[in-house]
Amino acid sequence: MAFAVARTRDEAHLYLDLHPCACGSAETTWRSGLVSVEGELVNRYFGACDDCGKDREFVFGLPERPVAPAGYPTFGGAEPSELLDAGEWLWVADLTAGNVPVDDQAEAKRALNVATAAVEEAVKFVPPGADAVPDDGFWSEVGQRMRADEPGRFDLARLLIVRDTYQDLAARHA
């Protein structure tokens, strides 16, 4: 059985935040550890929902090559995500950049770094030599809706402009 790979802890935790409990709460104190499932070594995240107490569990495959974190956030290596599609990454960037605090420079920089990294993750879905994210870069409901609403946002040139803009804004909050 193949499990979707969580390339880094940051990517796994973002995925967990985006997949709340059936009660609607994303608040869970996660524990994690390596386990074997059907002979495959995987990373298991488990905990109880802080609101309703329901047990929660997610199991992720391990990356072929470990990604050495270089700052925050580190979502993954050069390959595109298996957990979030291009549309979800752009949705995360929009949500994060739209909530940058004006009265906390450190938190503003952190938020803009997350938005920058999320757009960079969307860029990874553009194949070499292509000028946009292809159809197979969208598989989630959120991702497909993002693309349907504004398909031009997934053109490589536009993605790079947005990424660079967030990066420049983050640099101003040093």
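Predicted model: local features only at pLDDT ≥ 70, side-chain atom pairs only at ≥ 80, totals over all residues.

Reader: How many residues are in the largest nonpolar core?

Author: There are 34, and F60, W89, V133 and L159 have the most contacts inside it. Such a core is a set of buried (under 20% relative accessible area, 1.4 Å probe, protein chains only) Ala, Val, Leu, Ile, Met, Phe, Trp, Tyr and Cys residues joined through side-chain atoms within 4.5 Å.

Reader: Which helix gives the largest share of this core?

Author: α3, with eight residues. Helices here are DSSP runs of H or I, at least four residues, and strands are E runs of at least two, numbered from the N terminus.

Reader: And at what angle do α3 and α5 pack?

Author: About 160°, with axes 8 Å apart; axes are lines fitted to C-alpha atoms over the stretch in contact, and angles run from 0 to 180 degrees between N-to-C directions. So α3 is roughly antiparallel to α5 (over 145 degrees).

Reader: New topic: what's the phi of E38?

Author: Positive, about 50°, although E38 is not a glycine. Most residues other than glycine have a negative phi. E38 is found in the loop between β1 (31–37) and β2 (40–48).

Reader: Is E38 buried or exposed?

Author: Exposed (over 50%), because its relative accessibility is 64%.

Conventions. Residues numbered from 1 in each chain as written. Heavy atoms only, no water. Parallel < 35°, antiparallel > 145°, perpendicular 65-115°, else oblique.
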